[in-house]
Amino acid sequence: MARLGNFSDEPLTPAGRLFLQPQTNVVIHCIARGRNPFDIDTVKSAVESSLMVQHPRFCSLLVHDRNGFEHWRRTQVDIDQHVIVTNNRLDKSGNFVEESHGISSEEEGEEDDDEAAVNQYVADLSVSSPLSMDKPLWELHVLMAHNCIVFRIHHSLGDGISLMSMLMASCRRADDADALPKMVPDKPPEFKGGKARDWFWFFGLVWGGLKMVWLTLVYVVEFGVRCLLVRDRKTVITGGAGVELWPRKLATARFLLEDMKVVKKAIPNTTINDVLFGLLSSGLSRYLDHRTPDALHEGLRMTGVAMVNLRAQPGLQDLSELMRNSKARWGRNTLWRLISRTKLVIL
């Protein structure tokens with residue numbers, strides 16, 4: 001940990017402090033694959049000149065003041081401390097393969113084994129290798145033998161919208177090396193004017209405000225009851241003491257975006273996120289039904305937490321807007337809400 005803070009240090013947000021607690025210490029892992037082998041000098045040069053390193057969050061240390069409160073303090077970034085290079089190949093168990101043993105050409109061509117090796121490497125990282133507090137809270141692991149890069153970013157640096165917007169701003173298009181990736185076009189708001197609709201609009205505004213106040217009170221009471229008085233039944237996925245240190249297994253599944261769009265079009269008023277939620281719900285239902293066949297039929301209730309973006313503009317943001325003090329500012333402009341399901345659907 002660095003020295004005590006001074007007046008130039010920036011305090012952490014309440015959500016950032018939450019993500020740094022031992023019980024909720026969250027590190028984001030992002031895997032990116034390349035077609036060709038990486039050149040380490042080029043990788044380091046690209047990272048050093050990227051927008052990510054120029055952002056205050058990614059070049060600041062986490063420090064404590066005399067009262068024990070956390071602050072961000074700007075520091076000089078040493079790229080060599082953040083870019084971690086692994087030259088040896090990994091097997092499916094995440095162990096290093098000695099060069100003397102060699103690998104057959106057939107094994108090198110098996111993409112599934114290669115993916116399983118990287119997944120196990122990330123699973124081991126999430127348990128055994130916490131981010132060091134002696135440097136800004138991010139790392140870049142380069143797996144040379146697998147043509148793969150693993151980003152490790154602490155969630156206290158920003159929310160998903162902010163971090164994904166920065167990642168997109170740091171990338172370039174495959175067909176034009178100087179062009180930024182195309183963002184989703186904004187939909188201009190539709191205003192229905194007219195004097196005949198003024199009173200209707202006014203009463204609608206009043207009714208919407210009253211409904212918002214009432215639903216907020218109901219949700220606050222429900223949230224308190226769920227947290228203090230009601231508990232879900234224990235299942236095979238329920239954690240326990242020291243769950244953050246339990247061994248983990250990381251697996252991946254591939255879904256075509258075209259197939260998800262077909263499902264989206266088939267169901268009215270559905271988004272891609274709704275389709276993803278349905279996939280996750282179906283997968284969880286199948287797993288629970290496999291491990292405890294009678295649990296779902298007995299009305300098993302499970303409660304989760306979902307993050308909702310509260311920015312005026314939905315989706316990915318322009319990084320220049322995030323850096324300024326605007327409605328789409330950098331940070332964590334999100335809402336936490338409980339999602340409770342009494343019965344999951346088995347497909």
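In these legends a strand is a DSSP run of E with at least two residues, and strands, like helices, are numbered from the N terminus. The model shown in every view is a predicted one.

View 1. H154 belongs to strand β7, which covers residues 148-154. H154 counts as buried because its relative accessibility is 2%, which falls under the 20% limit. Leaving aside neighbours within four places in sequence, the residues in contact with H154 are F19, L20, N25, V26, V27, L131 and L137. One of these, N25, is 129 residues away from H154 in sequence, yet the two C-alpha atoms are 8.3 Å apart in space.

**View 2. Polar contacts of the H154 side chain.** The side chain of H154 makes a polar contact with the side chain of N25 at 2.6 Å, and another polar contact, at 2.9 Å, joins the side chain of H154 to that of S156.

**View 3. The two faces of helix α2.** Helix α2 spans residues 40-48, and its buried residues are I40, V43 and V47. Seen down the axis of α2, these buried residues fall within an arc of 60 degrees, so they line one face of the helix. In an α-helix there are 3.6 residues a turn, so residues three or four places apart point the same way. The exposed residues D41, T42 and E48 are carried on the face of α2 that is turned away from its buried side. The cover over the buried residues of α2 includes α3 (51-54), α4 (79-82), β5 (83-86) and β6 (138-143).

View 4. Not counting residues up to four places away in sequence, M52 touches V47, F58, W138, M166 and S170.

**View 5. Cysteines C30 and C59.** C30 is partly exposed because its relative accessible area is 29%, a value that lies between the limits of 20% and 50%. C59, by contrast, counts as buried, with a relative accessibility of 5%. A disulfide is a covalent bond between the sulfur atoms of two cysteines, and a search of the whole structure finds zero disulfides.

Note on methods. Residues are numbered from 1 along each chain as its sequence is written. This is a predicted model: local features need pLDDT of at least 70, side-chain atom pairs count only at pLDDT 80 or more; totals for chains, interfaces and linings use all residues. Side-chain values use heavy atoms; hydrogens and water are left out. A disulfide is a pair of cysteine sulfur atoms within 2.5 Å. Buried means under 20% relative accessible area, exposed over 50%, partly exposed in between (1.4 Å probe, protein chains only). Helices (H or I, at least four residues) and strands (E, at least two) are DSSP runs, numbered from the N terminus. Contact means heavy atoms within 4.5 Å. A polar contact is a pair of N or O atoms within 3.5 Å; within protein, one must be able to donate a hydrogen and the other to accept it, and residues adjacent in sequence count only if both atoms are side-chain atoms. The arc is that of the directions from the helix axis to the C-beta atoms.
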